[in-house]
Amino acid sequence: MTQHSYNVEDTERIAGDLARTLRGGECIALHGDLGAGKTQFTRGLVKALGGDGRAVASPTFVLLHVYPTKSLTVYHLDAYRVHGIEDFEQIGFEELLDQGGVVVVEWASRVSEILPKAHVDVTIEATEENERLIRVTFV
Ligand SMILES: Nc1ncnc2c1ncn2[C@@H]1O[C@H](COP(=O)(O)OP(=O)(O)OP(=O)(O)O)[C@@H](O)[C@H]1O
Ligand SMILES: [Mg+2]
């Protein structure tokens with residue numbers, strides 16, 4: 001289903017709708033260009049789970065951020081600068097998937113080979129300065 005977002009709050013609300021379906025163990029693959037709203041979406045997800053949205057930032061340089069929430073721990077990764085799946089293997093990506101939390105990956109297509117077969121694809125496309133098309137697909 002494709003949804004329209006006209007501001008940051010819309011994007012966070014759409015992320016919140018997804019958050020309410022999560023039970024733990026899911027992997028969310030985020031797709032979209034620079035500035036599309038992948039981090040904003042993650043912030044909405046963390047907030048909806050009862051975590052601190054202010055802590056959410058692109059884990060571009062450290063690769064992994066961990067956000068505790070009232071319910072599930074969110075593991076936030078960014079594949080933008082990885083050179084190969086080895087970088088992800090090194091930070092223990094496979095183990096993260098087994099923690100019973102939610103694993104969120106920005107630029108997920110760069111590490112598509114090691115994504116679990118069952119995951120949630122979230123594609124964000126900027127159509128105007130503040131407009132986004134967001135598609136959530138359970139794969
Ligand atoms: N409808 C919208 N939804 C989400 N973000 C929006 C929207 N309209 C404007 N923005 C702006 O777009 C930017 C999205 O930035 P964000 O860091 O979330 O992108 P990103 O996809 O994570 O980029 P990167 O690949 O660089 O990590 C923010 O500055 C936000 O304020
Ligand atoms: Mg980001």
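Ser58 is partly exposed in this predicted model, with a relative accessible area of 34%, where buried denotes under 20% relative accessible area, exposed over 50% and partly exposed the range in between, as computed with a 1.4 Å probe on protein chains only. Glu106, by contrast, is buried, at a relative accessible area of 3%. Both residues are protein donors of the magnesium ion (ligand 2), to which Thr39 (OG1), Ser58 (OG) and Glu106 (OE) contribute atoms lying 2.1 to 2.2 Å from the ion; donors are N, O and S atoms within 2.8 Å of the metal (3.2 Å for Na, K and Ca), and water is not among the atoms, so sites may look incomplete. In sequence, the donor residues follow the spacing T-x18-S-x47-E. Ser58, in the loop between α2 (38-48) and β3 (64-67), and Glu106, in strand β5 (residues 102-106), are 48 residues apart, and the pair thus links distant parts of the chain. Helices (H or I, at least four residues) and strands (E, at least two) are DSSP runs numbered from the N terminus.

As the model is predicted, local features need pLDDT of at least 70 and side-chain atom pairs count only at pLDDT 80 or more, whereas totals for chains, interfaces and linings use all residues. Residues are numbered from 1 along each chain as its sequence is written, chains are lettered from A and ligands numbered from 1 in the order in which they are written, and side-chain values use heavy atoms, with hydrogens and water left out.

Ligand 1 has 19 residues around it, of which Thr11, Lys38, Thr39, Gln40 and Ser58 come nearest; a residue is taken as near a molecule or strand if one of its heavy atoms lies within 4 Å of it. Asn130 approaches through its backbone, with an N or O atom 3.0 Å from a nitrogen atom of ligand 1.

Trp107 is found in the loop between β5 and β6 (120-126) and counts as buried at 14% relative accessibility. Although not a glycine, Trp107 has a positive phi of about 55°. The model contains 2 aromatic pairs, where rings of Phe, Tyr and Trp (its six-membered ring) pair if their centres lie within 6.5 Å, planes under 30 degrees apart counting as stacked, over 60 as edge-to-face and the rest as tilted. Tyr80 and Trp107 form a tilted pair, at 4.8 Å centre to centre and with 45° between the planes. Because Tyr80 lies in the loop between β4 (74-78) and α3 (85-90) and Trp107 in the loop between β5 and β6, this pair ties together parts that are 27 residues apart in sequence. Tyr80 is partly exposed, with a relative accessible area of 27%. Phe88 and Phe93 form a tilted pair, with 5.2 Å centre to centre and 45° between the planes, and both Phe88 and Phe93 are buried.

His31, in strand β2 (residues 27-31), is buried, with a relative accessible area of 18%. With residues up to four places away in sequence not counted, His31 touches Lys38, Ala108, Ser109, Asp121, Val122, Thr123 and Ile124, contact meaning heavy atoms within 4.5 Å.

Strand pairing, which requires that DSSP find at least two bridges between two strands, involves β7 (residues 132-138) with β1 (residues 2-5), the two running antiparallel and joined by 4 bridges. Strands β6 and β7 also run antiparallel, joined by 7 bridges, and a hairpin connects β6 to β7 through 5 residues. Ile134 in β7 stands opposite Gln3 and also opposite Ile124. Strands β3 and β4 are likewise antiparallel, with 4 bridges; Val66 stands opposite Tyr75 in β4, and a hairpin of 6 residues joins β3 to β4.

Tyr6 is placed in the loop between β1 and α1 (8-19) and counts as partly exposed at 47% relative accessibility. Beyond residues up to four places away in sequence, Tyr6 touches Asn130 and Glu131. The C-alpha atoms of Tyr6 and Leu64, which are 58 residues apart along the chain, are separated by 29 Å.

Definitions and conventions
A polar contact is a pair of N or O atoms within 3.5 Å; within protein, one must be able to donate a hydrogen and the other to accept it, and residues adjacent in sequence count only if both atoms are side-chain atoms.
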